[in-house]
Amino acid sequence: MKAALRLCLITAGLLTLWQLLVLLTRAPTYILPGPMPVAKALITHLPLLSKHLGTTLTEILIGLLLGTLLGTSSAIAMIVSPLLKRWMLPVLVISQAIPVFALAPVLVLWFGYGMASKIAMAVLIIFFPVTSSFYYGMQRTDPDLLELARIMGAKPLAVLRIIIIPSALPAFAAGVRVATAVAPIGAIVGEWVGSSAGLGFYMLHANARMQIDVMFAALTLLAAVSLLLYFLVDHLLDRLIYWQPQQGTTL
Amino acid sequence: MAPLTPLQAPAIVFDRVGLDFSGKPLFRDLSLRLEGGQSTCILGPSGCGKSTLLKLIAGSTALPYSGAIYLDTTPPGGQQVAWMGQNDLLLPWLTLLENVLLGARLRHELTETRRHRAVTLIHEAGLTWYEQALPNALSGGMRQRAALLRTLMEGRPVLLMDEPFSALDALTRFRLQNLAARLTKGATVILVTHDPLEALRLADRIIVLAGAPVQIAEILELGGGAPRDPGDPAVTSRYPHLLSLLMNGKTA
């Protein structure tokens, strides 16, 4: 209850600041519309915005799912096979030297204007934080636990399943939280580069027609949905790491 | 409470064992025999190599030593030993029962018989109501009891205990020492401790280590009768001598 009240107060504070900025700068509505015109645009264009939001949300969710699956599989593969680790780890680090956004036009070229290129973009952004956090989390498993397992005569796969993976879940959760925060960026940037649907596309479309209030409405909707998604994932991760006192986001 | 009596508890033999640690000699030609089926306490100052001795018996591959170590006639490393350390090492994501059954789970040997045995042990250790509790919900004493049960569940003839009660309060430590002494009868128990009173209560034999490289400063034979009462003459008569042995300079 306290958290909900705090969230309402923060939202109200931000809206007030926004309105004050509009009043003090006397910016015209085609430069900076106030909260009221944006709310009005949001209501008026809600059916169309919802349709585009559906596209963007699908891209984000599929990207998040695939990126997380790919990241966890890669991290486990590197832990299981030292040979694979020696070859994969440098590639993983080098891949981060290339700005992922610079790849957006190439991805659109390869995967087309549909959802695939945006999902690929989200996957690329998510992959590194998930892989690195999970891999280093597994690597930091308490050596005393591993020694105990050795003395017990444990099977290697059982050690991985019962000791190493659960040990790394808090680190994995940290990676997924970062991934959830950045996944919408991947989808939106992909839509900006080339698409015919999605909130990113609709924002560009509105901007070109000087419908800045509509553009802000799309932006507000995207921020709200991203925030909601983050809290949902945060909640799910807290349940996954059920033995730890809740360490997720608090408002 | 029925003790778990493993069959053929082996003697442990160190034959001219040498080991360097961080470039300095820790053991040089250390020869030692720890009798099978007895409880031997190893006392000595911090850093003298007590825990390293246990790791060598456990077959740690990270410690390249010279000489030979035998468990009767076999080298260390087989499934003859069980380990209990100062930290309980309970997995926080498993319930108490699952933790007690950890070894069987890790070896894919979980059976209904083992589960029944674990439940019986938990009951005998007074933890019945906490069977499904996570370690976070348990007190330090309960956690260490669970760690002791996990060690006993292995049914190994050699039990290596590295200061298992040192982090507990006096009363809990006293109770757990009694429980351990009863449940480990018949096994070859090697208990590393800093506490002379604990050694005098639980040991059939006490080995005091000192020096660098470490040497055997003294061996005290106490015979059977553990756990002894703190007021037992076998304890009170030897305590001052043991304490002075640890304090009078025969240390590293």
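Predicted model: local features only at pLDDT ≥ 70, side-chain atom pairs only at ≥ 80, totals over all residues.
Local features need pLDDT of at least 70 and side-chain atom pairs pLDDT 80 or more, while totals for chains, interfaces and linings use all residues. Residues are numbered from 1 along each chain as its sequence is written, and chains are lettered from A in the order in which they are written.

User: What makes α8(A) short of a straight helix?

Analyst: Helix α8 (residues 156–193) of chain A, a DSSP run of H or I with at least four residues, has 38 residues. The expected span is 1.5 Å times one less than the number of residues, which would be 56 Å here, but the end C-alpha atoms are only 46 Å apart.

User: Where in α8(A) does the kink lie?

Analyst: A kink of about 45° lies at L169(A), shortly before the proline P170(A); the bend is the angle between axes fitted to the seven residues ending at a residue and the seven starting there.

User: How many residues of chain B are in contact with chain A?

Analyst: Taking contact as C-beta atoms, placed from the backbone, within 7 Å, 18 residues of chain B meet 15 residues of chain A. The largest share of the chain B side, three residues, comes from α3(B).

User: Which domains divide chain B?

Analyst: Chain B is divided into domain 1 (7–80 + 158–252) and domain 2 (92–155), with bounds from an automatic or database domain assignment. Their centres, taken over C-alpha atoms, are separated by 26 Å, and the contact takes ten residues from domain 1 and eight residues from domain 2 of chain B.

How values were computed:
Helix = DSSP H or I, 4+ residues; strand = E, 2+ residues; numbered from the N terminus. Contact = placed C-beta atoms within 7 Å.
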